[in-house]
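Please go through this structure with me, point by point. Keep the sequence and the 3D view open as you read.

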Amino acid sequence: MAVENVAFSLDDEKQFARGLVTRTLADWAEEARQDGESLKDAVARYEVDYAWHVLGCERTRDAVLSRLADELGSPVDEARQAWVCGMLAAAALAQPSDALMSFDNDVPEQLCHLWKAGLDKRTSSVAQTA
């Protein structure tokens, strides 16, 4: 499959970004206060970092690729890897500097869902033109 066939659209990027769960430091502090724990404990418990860092790190990329390989039942080819890396990079760049995110997130599930939805669209459009 050629790389151009797996390019993500601006709509995919926007849909992915809308589904991300991020909070500001003030949000995390308020949640910690309500739970009766220190912010340090809350951040440690949820492994929180800046959203741009979480989205751009190898750990997240590897989790997405592993999940996608499980979904596909085969190793992830270079074109799909490029799609995943592009989506993560675009989302990381779009994050405000004060947005925080937990490493325990649903990014792998979100991207697999988008990939499958896009694959269904591409498959149906190819079938309609054949």
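1. Start with Arg80 and Asp77. They form a salt bridge, with the closest N and O atoms 3.3 Å apart. A salt bridge here is a side-chain nitrogen of Lys or Arg within 4 Å of a carboxyl oxygen of Asp or Glu. Arg80 is buried, at 13% relative accessible area. Asp77 is partly exposed, at 27%. The cut-offs: buried is under 20% relative accessible area, exposed is over 50%, and partly exposed lies in between (1.4 Å probe, protein chains only).

2. A word on the source. This is a predicted model: local features need pLDDT of at least 70, side-chain atom pairs count only at pLDDT 80 or more, and totals for chains, interfaces and linings use all residues. Residues are numbered from 1 along each chain as its sequence is written, and side-chain values use heavy atoms, with hydrogens and water left out.

3. Now the overall layout. The protein has 7 helices and 2 strands. Along the sequence the pattern reads α-α-α-β-α-α-α-β-α. Helices (H or I, at least four residues) and strands (E, at least two) are DSSP runs, numbered from the N terminus. Of the 130 residues, 32% count as buried. Take the contacts between residues at least 6 apart in sequence: 82% of them join residues at least 24 apart. Contact means heavy atoms within 4.5 Å.

4. Back to charges. Side chains of opposite charge can pair when their charged atoms come close. How many salt bridges does the count come to? The count is 10. One of them joins Arg45 and Glu37, at 2.4 Å from N to O. Both residues are partly exposed: Arg45 has a relative accessible area of 45%, and Glu37 has 21%.

5. Look next at Arg67 and Glu109. Their side chains meet in a salt bridge at 2.8 Å, N to O. This pair links distant parts of the chain: Arg67 sits in helix α5 (residues 58–72) and Glu109 in helix α7 (residues 107–129), 42 residues apart. Arg67 is partly exposed at 28%. Glu109 is partly exposed at 34%. The pair also belongs to a network of salt bridges that links Arg67, Glu71, Glu109 and Lys116.

6. Turn to helix packing. Two packed helices are described by the angle between their axes and the distance between the axes. Axes are lines fitted to C-alpha atoms, for helices over the stretch in contact, and angles run from 0 to 180 degrees between N-to-C directions. Helix α5 packs on α6 at about 140 degrees, with the axes 10 Å apart. That makes the two oblique. Under 35 degrees counts as roughly parallel, over 145 as roughly antiparallel, 65 to 115 as roughly perpendicular, and the rest as oblique.

7. The crossing of α5 and α6 is right-handed. A crossing is right-handed if the near helix is turned clockwise from the far one by less than a right angle, and left-handed if anticlockwise. The contact residues include Thr60, Arg61 and Val64 of α5, and Arg80, Gln81 and Val84 of α6. By class, this contact has 7 nonpolar, 2 polar and 2 charged residues. Ala, Val, Leu, Ile, Met, Phe, Trp, Tyr, Cys and Pro count as nonpolar, Asp, Glu, Lys and Arg as charged, and the others, Gly among them, as polar.

8. Is Thr60 buried or exposed? Thr60 is buried, at 5% relative accessibility. This residue lies in helix α5. Leaving out residues up to four places away in sequence, Thr60 touches Val54, Leu55, Leu88, Phe103 and Val107.

9. Compare two further helix pairs. Helix α1 (residues 10–19) and helix α6 (residues 78–93) pack at about 60 degrees, with axes 10 Å apart. They are oblique to each other, and their crossing is right-handed. Asp12, Glu13 and Phe16 of α1 meet Met87, Leu88, Ala90 and Ala91 of α6. Helix α2 (residues 25–35) and helix α3 (residues 39–46) pack at about 105 degrees, with axes 9 Å apart. These two are roughly perpendicular. Their contact divides into 7 nonpolar, no polar and 2 charged residues.
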